[in-house]
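Biologist: Please put the model up, and then I will ask about it piece by piece.

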Amino acid sequence: MKKNNQKEILFSIAKVFIAAGLIFWIFKKIDLNSVKNLFVSANWIYLVLQLLVITVGVIVSSLKWKAILDFYHVYFRLSKLIISYWIGSFLNSFLPTSIGGDVYKYHVLGRKKPEEKLKIASSIIIERGIGFLTLFFVMVISLFFLPNSSNLIFLFALLLSVLSISGIIYFLILSKRKYKIKKNSRFKLINYFYQFCNHILEISDKNLLAYTFFLSLVFVGLSVISSQLSFLIVGYRMPLIYFLIAVPIINFSKLIPFSIDSIGIREATGVMIFSFFGVPSEVTLTAMIVGRVSSYLFSLSGGIMYLIRKFTKII
């Protein structure tokens, strides 16, 4: 127990140092006066529209999740899934990586239907997996339409293309063939793992895959619009293609578990990616901070819902 506690403490300290190092690197690259001026001259009217876009994104993700749950014959009202997603966004603000809220969603739904916990976990992972696959798809396709791309970006696009195509082929193979992992272990935990894998491999409905992929494309589009609005708030415009490349990469960076809510990691990734396109670091950092402000404002409402659910059980 002591060794585990020591490891957790050391890991937490390491996360703080990594986040602090990234923040230091960012601030070393920028002019703070320029950032201040950008905030002063910001057009905050766009923030209202951005909050609306984020809200629609949660509804779209909930629709996708519900479609997968329905396939498993695990039925929940759409409103309950939306609220769970909303509260999950609040918890993501205090947990490492962007999947902390997924643990909450699994916990809440699992309490309602404990006999379906494996299917609920499978649905969350599949919903995430389709989302990540869509991000790769959008990013790789967009890279090949990028004007004046450098050799580095071309090699990066080629690498991602290979990874994406491999992932798509593998996913299609799994969706067409009904693999079954034999339940032959005496150990309860391993048997759970076998059942969990089988639930994931059961997804073979082409209509479901097409529907969830379409919803994922809509969600990526909403994420791109939200990012564009962050830059419009600080008065900076750029071609849509830049966002189609940068937004997926920034979203993937949020999976790195080295800081709370990817603080420092997301900003550093944004500054590096947008610098490829000639965007000043001051502009990118300010826009990223604006994006965090809108995200925290949205997640604050999720925190209110969490308190209502915890103390009143109304929702």
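**Burial, packing and overall make-up**

Modeller: Asn-251 has a relative accessibility of 16%, so Asn-251 counts as buried (buried is under 20% relative accessible area, exposed over 50%, partly exposed in between, with a 1.4 Å probe and protein chains only). This is a predicted model, in which local features need pLDDT of at least 70 and side-chain atom pairs count only at pLDDT 80 or more, while totals for chains, interfaces and linings use all residues. Residues are numbered from 1 along each chain as its sequence is written, and side-chain values use heavy atoms, with hydrogens and water left out.

Biologist: Leaving aside neighbours within four places in sequence, which residues is Asn-251 in contact with?

Modeller: Asn-251 lies in helix H10, residues 240–253. Helices (H or I, at least four residues) and strands (E, at least two) are DSSP runs, numbered from the N terminus. Contact means heavy atoms within 4.5 Å. With neighbours within four places set aside, the contacts of Asn-251 are Leu-135 and Ser-223.

Biologist: What separates the C-alpha atoms of Asn-251 and Val-220?

Modeller: Along the chain, Asn-251 and Val-220 are 31 residues apart. Their C-alpha atoms are separated by 10.0 Å.

Biologist: How many residues of helix H11 are buried?

Modeller: Helix H11 covers residues 265–275 and is mostly covered. Its buried residues include Arg-266, Glu-267 and Phe-274. Of the eleven residues in H11, the number buried is nine.

Biologist: At what angle do H3 and H6 pack?

Modeller: The two helices are H3 (residues 45–71) and H6 (residues 117–143), with axes 9 Å apart. Axes are lines fitted to C-alpha atoms, for helices over the stretch in contact, and angles run from 0 to 180 degrees between N-to-C directions. H3 and H6 pack at about 130°.

Biologist: Which residues of H3 and H6 make the contact?

Modeller: From H3 come Ser-61, Lys-64, Trp-65, Ile-68 and Leu-69. From H6 come Ile-120, Ser-123, Ile-124, Ile-126, Glu-127 and Gly-131.

Biologist: How many helices and strands are in the chain?

Modeller: Read along the sequence, the pattern is α-α-α-α-α-α-α-α-α-α-α-α. The chain therefore has, by the DSSP runs, twelve helices and zero strands.

Biologist: What share of the contacts between residues at least 6 apart in sequence joins residues at least 24 apart?

Modeller: The chain has 315 residues, of which 45% count as buried. Among its contacts between residues at least 6 apart in sequence, the share joining residues at least 24 apart is 74%.
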